[in-house]
Amino acid sequence: MILIAAGSSFAQEVISSSKGSTPVTGGFTNEIHVNFVTLIWFGSLEVGYERYLSDDTSLEFKGLINDRFGFNSEGKGKKYKTNSVQAAMNFYFGDDPNGRFFIFPLAKVRFGDFEEPADGGGIDTTDMTAFILGVGAGYKWEMSKNFAFGPFASMSRNFSSDVSDRFSSIEFNAGFNLGYRF
């Protein structure tokens, strides 16, 4: 009896964006999510809104507060004073109602400054304003009626000579989103 009760508690119906002819009739049309890895690791807030256009595509908009270049941390007098906005088009693959693989192209605009101590004293400032294009991939588990979560990674190229001179033209980003669907 205990095994049957435990098994039936896990056998819940999952309502996801991967079922039905449109997300309106077969799933959800909206999702808000937060990348809790960068929030915990760097204190950088990455909040996103995803609008499902069909079962296999969505538009995603993100706001990044205290955005970092890649996984560089502050310390030893280094300080990021940067924010970003990002747009992506997500393309989902597969029929699994509990989770699917996705790829996305992205466009991002970062603005703000990076400060660090200068060799001879004072502070060197780098203008971090940049237009950025990239691609990424991830996996999203849809394990309950309203919650989705999963890892993602992206690689992008910034088009700012100031940023490229101080850091690199190529930037990696990754995280783990936790989202609420409605």
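Here is a short tour, from a hairpin to some ring contacts.

This is a predicted model, so to speak of local features we need pLDDT of at least 70, and side-chain atom pairs count only at pLDDT 80 or more, while totals for chains, interfaces and linings use all residues. Numbering runs from 1 along each chain as its sequence is written, and side-chain values use heavy atoms, with hydrogens and water left out.

Start by selecting 99–117 and 123–127: these are strands β5 and β6, antiparallel and joined by 5 bridges. (Strands are DSSP runs of E, at least two residues, numbered from the N terminus; two strands pair if DSSP finds at least two bridges between them.) Click E115 and you'll find its bridge partner T125 in β6. Between the strands sit 5 residues, and G121 in this hairpin has a positive phi near 100°.

Next, hop to N66, in the loop between β3 (57–65) and β4 (79–93). N66 isn't a glycine, yet its phi is positive, about 65°.

Now show the aromatics: the whole structure has 16 aromatic pairs. Phe, Tyr and Trp rings (six-membered ring for Trp) pair if their centres lie within 6.5 Å; planes under 30 degrees apart are stacked, over 60 edge-to-face, the rest tilted. Pick Y92 and F102: centres 5.3 Å apart and planes at 40°, so this pair is tilted. Y92 belongs to β4 and F102 to β5, 10 residues apart. Both Y92 and F102 are buried (under 20% relative accessible area, 1.4 Å probe, protein chains only; exposed is over 50%, partly exposed in between).

Last stop: select F36, Y139, W141, F149 and F176, which form one aromatic cluster. W141 is partly exposed at 31% relative accessible area.

Conventions: Helix = DSSP H or I, 4+ residues; strand = E, 2+ residues; numbered from the N terminus.
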